[in-house]
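Hi there,

Here is the structure I promised to pass on. Please have it open while you read the notes below it.

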Amino acid sequence: MSTASPATAAPASITREERRVLAGTLVGTTIEWYDFFIYAQAAGLILSVQYFGPLASDNPALGQIMAWASLGISFLFRPLGAIIAGHLGDRIGRKKMLVLTLILMGLATSLIGLLPNYAAIGIGAPILLTLLRILQGFSAGGEWGGAALLSVEHAPVNKRGLFGAYPQIGVPVGMILATGVIWILTTVLTTEQFASFGWRIPFLFSVVLVIVGYYIRRQVEESPIFAELAERKAESSAPLSTLFKKNTKEVILSALIFIGNNAVGYMIIAFFAAYASRPIDQGGTVGLDRAPVLLATTLASFGWLVFTMWGGALSDKLGRVRTFQVGYILLILWLVPTFLMIDMANIWMYGIGIFVLTVGMGLSYGPMSAMYAEMFPPQVRYSGVSIGYALGAILGGAFAPTIAETLLARTGSSLSIAAYMIVVCIISLIAVSLVKETKGASLGIVKHTS
């Protein structure tokens, strides 16, 4: 962890460059996660039928499990994306890598929108879909670390939590866009029209978002910390070897801290809506109409946005560790009530259950950018935060919907899923409690003396 130093006074207002940085990190991560979440939503609503269902025509549940697995497999490639983006980001700059990952994600998403289904090209359809999903995962692996560092490294010391929350809220904003677009389409199109062509529209819309994000990110200047590092190339000549030689503990802790939040997040992002809206005659147990469920999920995402910003700002006062602890305790306490409320098959209970869950989600996500940046020295910071985040995503959310679907099929009770989520959150609570408070830590290079 970086050496702590006294906090400096924050400027009276945010500068123009700081506003550009915050806009660049927010817009970029929003677009990246819109692309990622469109797939997550489609995996629960349409992809199992059109791409994986024919592989298990006698077992619809298996087709859905395969669709969830395709969602998770891309997470296995996040570390590769994190390693390559981290390595290059530490050498050539955060901004160049952010632009590249944005383009890769948008390209993969748009191609999914054009991909023929199983009925058209047979086994090639799920294979090509999985390959494009892998490209999405590779891109996402290098995205978060760069965005987080750009925001935190530009921040006044006593506003790092607040600034670092901007790339974090790209997740709920991306989810609001993804779920909202699908809700609109399911409302204005018939079931047959949505299944025929409507589901492809959100994937193709990614092209527009990528053009906007590319323009904004090109306006953001390079991180001032990287400018300092550019003069010390010898110290960053082998960031990966240095990272695992000196900061293995921080990588492991950062991964474990994230798994609880990420697992619960993918319940909100992908599983809950599919679970609640699955028709009874297709094996569902709740059977709510799809459009109201998607609308309630979209509205609940606004809570995730607000509480993530609050979590980042609160960590500047309360501390990163304590804010995380409060968030995870709230998640642990509310997971069982959430599933019980969803199982009531009442849209109001569904919406309230998820909305309250986002309080703990925001408090255990908002402080993450600042804490992770403060945990690693600048020579390996991009690599450290990216790899820790990617590993946490694999252990947490990658196969959470797949595990949830399997537990539901075997036990017939959603409370088995709640128990699984609680265990994961307890692990993250223990991990964050092992971290020494990072608030106010120096982000600059430690000067060495002979």
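What follows is a short tour of the aromatic pairs, one tyrosine and a helix with its loop.

Please keep in mind that this is a predicted model.

Let me start with the aromatic rings. The structure contains eleven aromatic pairs. One of them is formed by F258 and Y365, which are stacked, with 6.2 Å from centre to centre and 20 degrees between the planes. What does this pair tie together? F258 belongs to helix 13 (residues 248-277), while Y365 is in the loop between helix 16 (347-363) and helix 17 (368-375), so the pair links parts that lie 107 residues apart in sequence. Both partners are hidden from solvent by the numbers: F258 is buried, at a relative accessible area of 1%, and Y365 is buried too, at 2%. The cut-off here is 20%, so both values fall under it and count as buried. Elsewhere, Y51, W199 and F203 make up one aromatic cluster.

Where does Y365 lie? Its place is the loop between helix 16 and helix 17. If its neighbours within four places in sequence are left aside, Y365 is in contact with W144, Q168, V171, F258, N261, W304, T308 and Y389. Y365 and I257 are another pair to look at on your screen: 108 residues separate them in sequence, and their C-alpha atoms are 9.8 Å apart in space.

Now for helix 15 and the loop after it. How far apart are the end C-alpha atoms of helix 15? They are 32 Å apart; at 1.5 Å a residue, the 23 residues of this helix should span 33 Å, which agrees. Helix 15 also bends by about 40 degrees at W334, and a proline, P337, follows within four residues.

The loop between helix 15 (320-342) and helix 16 holds A345. The phi of A345 is near 60 degrees, a positive value in a residue that is not glycine. Is A345 buried, partly exposed or exposed? With a relative accessible area of 35%, A345 is partly exposed.

Notes: Residues are numbered from 1 along each chain as its sequence is written. This is a predicted model: local features need pLDDT of at least 70, side-chain atom pairs count only at pLDDT 80 or more; totals for chains, interfaces and linings use all residues. Side-chain values use heavy atoms; hydrogens and water are left out. Rings of Phe, Tyr and Trp (its six-membered ring) pair if their centres lie within 6.5 Å; planes under 30 degrees apart count as stacked, over 60 as edge-to-face and the rest as tilted. Helices (H or I, at least four residues) and strands (E, at least two) are DSSP runs, numbered from the N terminus. Buried means under 20% relative accessible area, exposed over 50%, partly exposed in between (1.4 Å probe, protein chains only). Contact means heavy atoms within 4.5 Å. The expected span of a helix is 1.5 Å times one less than its number of residues. The bend at a residue is the angle between axes fitted to the seven residues ending there and the seven starting there.
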